[in-house]
Amino acid sequence: MDTKIGSLDTCRPTNNDMISPTNGAVSAIQSSASPTLINPSESTLGRHLARRLVQIGVTDVFSVPGDFNLTLLDDLIAEPELNLVGCCNELNAGYAADGYARSRGVGACVVTFTVGGLSVLNAIAGAYSENLPVICIVGGPNSNDYGTSRILHHTIGLPDFSQELRCFQTVTCFQAVVNNLEDAHELIDTAISTALKESKPVYISAAVEAAAAFLNKAVKPVLVGGPKLRSAHAGEAFVELADASGYALAIMPSAKGLVPEHHPHFIGTYWGAVSTAFCAEIVESADAYLFAGPIFNDYSSVGYSLLLKKEKAIIVQPDRVVIANGPAFGCILMKDFLRALAKRLKCNTTAYDNYHRIFVPEGLPLKECA
């Protein structure tokens with residue numbers, strides 16, 4: 001999949017509108033966008049950014065005005081396909097963009113320099129931890145203020161303008177500081193492309209063959225969905241795999257809502273000792289389990305107490321597949337892998353049959369034996 005964004009040759013800036021787009025999170029799907037031409041008389045840097053947001057599917061941008069971003073906000077308002085949503089504070093704007101990314105695939109927010117950037121930081125860190133592509137755009141000071149040793153308002157009272165940038169570096173996958181016009185368009189395009197970029201589906205055939213061979217020889221394999229199904233846009237592909245395979249289907253606690261719980265083979269939430277009744281018994285007694293998009297942290301593993309064995313597991317991440325103790329395959333798109341695997345698996349309902357046999361519906365007593 002091409003992750004480059006088409007160039008806008010007529011959209012060279014004609015003034016000194018400055019923005020500092022700091023890219024918010026990682027790993028989502030993006031296909032090439034065809035170039036859209038803008039009237040040269042309107043070709044500001046802000047208009048270029050506005051068109052780029054529209055091209056990647058953003059129709060709403062969440063913002064808090066400040067004197068460092070007012071010119072940019074005017075450019076965003078002037079874009080007819082963008083709706084600027086004013087928020088009462090930056091943290092709200094960041095979390096709104098986070099929710100928008102979960103629903104629409106990518107989100108964007110605009111705040112002002114330092115006082116706004118530091119306020120939105122917690123939301124951006126959350127989006128980073130959830131692998132959500134959120135593009136955080138921070139209006140920056142004038143380019144002639146850099147290196148002057150002046151102290152600006154809305155900062156921490158030091159002439160060093162890089163503190164905000166250093167904070168964002170640990171919770172974003174790319175940071176673009178636009179302080180000259182020569183490379184402004186390239187920086188913006190790289191920031192957006194990096195937020196949207198995902199691995200290309202090479203090596204998928206070899207990975208599918210190895211995974212199918214591993215699962216088809218198992219007696220009672222199961223499927224477990226994890227939270228990274230969202231960032232990989234692989235929820236539907238995971239359900240297709242469950243439909244085709246007949247395997248018992250569970251989810252991790254932070255993946256609730258990503259897989260329909262009314263699926264005929266759904267057995268509940270796998271959460272170690274606090275799992276849905278009878279779910280842990282089926283998952284942990286399986287001789288093979290495929291985890292799609294898992295995060296094994298202290299929360300999801302109940303203090304790292306899950307009774308799982310690496311040699312029984314296939315771990316499918318948004319860009320990588322690891323089968324038992326090896327081999328590992330990189331550069332694989334999760335949803336393509338799951339769909340291809342669904343075509344190669346033999347139907348096996350043993351694990352679900354076992355669950356159905358031991359399951360006691362809540363509130364219904366056992367029948368008395370004669």
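Colleague: What is the mean pLDDT of the protein, and how do I read it?

Modeller: pLDDT is the predictor's confidence in each residue, from 0 to 100. Here the mean is 80, and 78% of the residues reach 70 or more. This is a predicted model, in which local features need pLDDT of at least 70 and side-chain atom pairs count only at pLDDT 80 or more, while totals for chains, interfaces and linings use all residues. Residues are numbered from 1 along each chain as its sequence is written, and side-chain values use heavy atoms, with hydrogens and water left out.

Colleague: Now the helices, please. At what angle do α9 and α11 pack?

Modeller: Axes are lines fitted to C-alpha atoms, for helices over the stretch in contact, and angles run from 0 to 180 degrees between N-to-C directions. Helix α9 (residues 235-245) and helix α11 (residues 334-342) pack at about 15°, with their axes 8 Å apart. Angles under 35 degrees count as roughly parallel, over 145 as roughly antiparallel, 65 to 115 as roughly perpendicular and the rest as oblique. So α9 and α11 are roughly parallel to each other.

Colleague: Is the crossing of α9 and α11 left-handed or right-handed?

Modeller: A crossing is left-handed if the near helix is turned anticlockwise from the far one by less than a right angle, and right-handed if clockwise. For α9 and α11 it is left-handed.

Colleague: Which residues in α9 and α11 meet?

Modeller: From α9 come Glu236, Ala237, Phe238, Glu240, Leu241 and Ala244, and from α11 Lys335, Leu338, Arg339, Leu341 and Ala342. By class, the contact has seven nonpolar, no polar and four charged residues. Here Ala, Val, Leu, Ile, Met, Phe, Trp, Tyr, Cys and Pro count as nonpolar, Asp, Glu, Lys and Arg as charged, and the others, Gly among them, as polar.

Colleague: Is Ala342 buried or exposed?

Modeller: Buried means under 20% relative accessible area, exposed over 50%, and partly exposed in between (1.4 Å probe, protein chains only). Ala342 has 13% relative accessibility, so it counts as buried. Beyond four places in sequence, Ala342 is in contact with Glu240, Leu241 and Ala244. Ala342 and Glu240 are 102 residues apart in sequence, yet their C-alpha atoms are 6.9 Å apart.

Colleague: How do α3 and α4 cross?

Modeller: The axes of helix α3 (residues 90-104) and helix α4 (residues 115-129) come within 7 Å and cross at roughly 25°. Therefore α3 and α4 are roughly parallel to each other, and their crossing is right-handed. Their contact divides into five nonpolar, five polar and two charged residues.

Colleague: And phi: which residues have a positive value?

Modeller: Most residues other than glycine have a negative phi. Among those with a positive value here are Val302, near 50°, and Tyr304, at about 60°. Val302 is partly exposed at 29%, whereas Tyr304 is exposed at 60%.

Technical notes. Helices (H or I, at least four residues) and strands (E, at least two) are DSSP runs, numbered from the N terminus. Contact means heavy atoms within 4.5 Å.
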